[in-house]
Amino acid sequence: MRFTISQRFFFDAAHTLKRDIEVAGSRRIHGHTYHAEVWLAGERDPITGMVIDLGLLRRRLDEVRELLDHHLLDDVAGLHPPTLENLCVFIADALPEFRTSLARVKVWREALGDSCTLEF
């Protein structure tokens, strides 16, 4: 049997973005509340009964959140430009210890209805 588990987190951050539409608002510094969810997939360990201890994932995601929360995303190394797509890649790349079981990373802005999902 193969299981998929997930953990969510959120962060508040500001950014700018060079776009061809909605130019004025996008180029000014503005902020959003972002939500992210990371899915890990694998076999259940026969001893622990878990794919992975969610406490380990939660601890690591707290560290990733610290890199993003209340920051200007334009200044976060390895993220430029700060798009939803690049946020998915940034979060995935920040989890090398979970790379073999990483199944999906999703980032969304609830207030705007925007989302992006990176699948492995």
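Colleague: What are the limits of the model itself?

Modeller: This is a predicted model, in which local features need pLDDT of at least 70 and side-chain atom pairs count only at pLDDT 80 or more, while totals for chains, interfaces and linings use all residues. Residues are numbered from 1 along each chain as its sequence is written, and side-chain values use heavy atoms, with hydrogens and water left out.

Colleague: Are Cys 88 and Cys 116 buried or exposed, and how do you know that?

Modeller: Buried means under 20% relative accessible area, exposed over 50%, and partly exposed in between, with a 1.4 Å probe and protein chains only. Cys 88 has a relative accessible area of 0% and Cys 116 has 15%, so both count as buried. His 70, by contrast, has 63% relative accessibility and therefore counts as exposed; His 70 lies in the loop between α2 and α3, and its phi is near 60 degrees, a positive value in a residue other than glycine.

Colleague: What makes β1 and β4 the edges of the sheet?

Modeller: Helices (H or I, at least four residues) and strands (E, at least two) are DSSP runs, numbered from the N terminus, and two strands pair if DSSP finds at least two bridges between them. Four strands form an open sheet in the order β1-β2-β3-β4, with antiparallel pairing. Strands β1 (2–15) and β4 (114–119) each have a single partner strand, so one side of each is left without a neighbour in the sheet.

Colleague: How do you know that β1 and β2 pair?

Modeller: DSSP has to find at least two bridges, and β1 and β2 (residues 30–43) have 14 bridges in the antiparallel sense, so they count as paired. In one of these, Asp 12 has Thr 33 in β2 as its bridge partner.

Colleague: Why is the pair of Phe 11 and Tyr 34 called stacked?

Modeller: Rings of Phe, Tyr and Trp (its six-membered ring) pair if their centres lie within 6.5 Å, and planes under 30 degrees apart count as stacked, over 60 as edge-to-face and the rest as tilted. By this rule the count comes to two aromatic pairs. Phe 11 lies in β1 and Tyr 34 in β2, so the pair ties together parts that are 23 residues apart in sequence.

Colleague: What makes a group of residues a nonpolar core, and which residues have the most contacts inside the largest one?

Modeller: A nonpolar core is a set of buried Ala, Val, Leu, Ile, Met, Phe, Trp, Tyr and Cys residues joined through side-chain atoms within 4.5 Å. The largest has 29 residues, and those with the most contacts inside it are Val 38, Leu 68 and Ile 91. Its largest share, six residues, comes from α3. Contact means heavy atoms within 4.5 Å, and leaving aside neighbours within four places in sequence, Ile 91 is in contact with residues including Phe 9, Val 38 and Leu 68.
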